[in-house]
Amino acid sequence: MKKMFSLYRKVFTMNRMGSSLRQAYGSYPIPPVIHRLLELSQEYTAKGFDMSWIGFRMTGSYAPYSITPPDLIPFAETGGGGIHFGFLTDFGKVKNLESAAIVCVTPTNDPPIRLIARNMAEFLDLVVSVPHAEHLESWWACTDEEMKRQEEAQFEAESPVPITHTRKEIFERLRSEFGAKPRAVLPYLREVLRERESSCSLLTLDGLGVMDEEGAKPDAHLPVECIQHGSETGVHP
């Protein structure tokens, strides 16, 4: 029975992913959390809702922007401005996508590449900590908690009641079924960025750096030019 259910999930996922996105995963297996999120998304779509109401619409195809890191596998988008989230594979050094760092690509903003979370589980924590996932992009460089609270309150006040109720329902599903729990967003974003910088063997202009093979902290950082985007070789194992 368990094997049948697992097979069903795989077929369900494949039917909702374009060939371009399946190819982007390379030899990485699609993480179970992605299967489950696709099922949740489909459930709300069938009800006439869209998870873009929380800024978390599951991606069905792979159409990278010129600034999208070549070692990024997208899984969701906010529904506005081309902003999308993905697993950073560190060019195959990451062995399990559920432990991969989560990056936000925001094509019309500067910087366009923003490290968001250590892994998928903590990313979902952030999603339930903000009214709309796009806030993770706009508050990425913010250090003013009061400004964040004001913007959050304004967003909630301007949201139609039915949408607010649906958002709360989706957040509750993410908490109860995926174990997501609220976090202090701004301190977390700064902490994750500091950790990444201290564990990179090379710093790059996109701010993501190049991870040390063994994960050891290097003695020094060497600034290097950004890796050219759009390469189709050596991205995923």
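Residues are numbered from 1 along each chain as its sequence is written, and side-chain values use heavy atoms, with hydrogens and water left out. As the model is predicted, local features need pLDDT of at least 70 and side-chain atom pairs count only at pLDDT 80 or more, while totals for chains, interfaces and linings use all residues.

The pLDDT is the predictor's confidence in each residue, from 0 to 100. The chain averages a pLDDT of 83, and 82% of the residues score at least 70. Helices (H or I, at least four residues) and strands (E, at least two) are DSSP runs, numbered from the N terminus. Among the elements of the chain, H4 has the highest mean pLDDT (98) and strand S8 (residues 223–224) the lowest (34). Over residues 214–235 the pLDDT is below 50; this stretch has 40 contacts (heavy atoms within 4.5 Å) beyond near neighbours in sequence.

Five strands form an open sheet in the order S1-S2-S3-S4-S5, with antiparallel pairing; two strands pair if DSSP finds at least two bridges between them. Strand S1 (57–58) and S5 stand at the edges with a single partner strand each, so one side of each has no neighbour in the sheet. Helix H8 (residues 185–198) packs on the sheet and touches S3, S4 and S5, and its direction makes about 110° with that of S5. For such angles, axes are lines fitted to C-alpha atoms, for helices over the stretch in contact, and the angles run from 0 to 180 degrees between N-to-C directions.

S4 pairs in the antiparallel sense with strand S3 (residues 84–88) over 5 bridges and with S5 over 4 bridges. Ile-102 of S4 is the bridge partner of Phe-87 and stands opposite Ala-117 in S5. Gly-86 stands opposite Val-103 in S4. In a regular strand the side chains alternate between the two faces of the sheet. In S4 both faces are covered, with Ala-101, Val-103 and Val-105 buried on one side and Ile-102 and Cys-104 on the other. Buried means under 20% relative accessible area, exposed over 50%, and partly exposed in between (1.4 Å probe, protein chains only).

The loop between strand S4 (101–105) and strand S5 (113–117) holds Thr-106, which is buried at 0% relative accessibility. Its side chain makes a polar contact with the side chain of Asn-109 at 2.6 Å. A polar contact is a pair of N or O atoms within 3.5 Å; within protein, one must be able to donate a hydrogen and the other to accept it, and residues adjacent in sequence count only if both atoms are side-chain atoms.

In H4, 7 of the 8 residues are buried, among them Phe-123 and Leu-124. Asn-119 caps the N-terminal end of H4, with a side-chain oxygen 3.3 Å from the backbone nitrogen of Ala-121. Ser-129 lies in the loop between helix H4 (120–127) and helix H5 (134–138). Ser-129 is buried, with a relative accessible area of 12%, and its side chain reaches the backbone nitrogen of Arg-183 at 2.8 Å.

A nonpolar core is a set of buried Ala, Val, Leu, Ile, Met, Phe, Trp, Tyr and Cys residues joined through side-chain atoms within 4.5 Å. Of the 59 residues in the largest such core, Tyr-25, Ile-34, Phe-56, Phe-75, Phe-123 and Leu-174 touch the most other members. Helix H3 (residues 32–46) gives the most to this core, with 6 residues.
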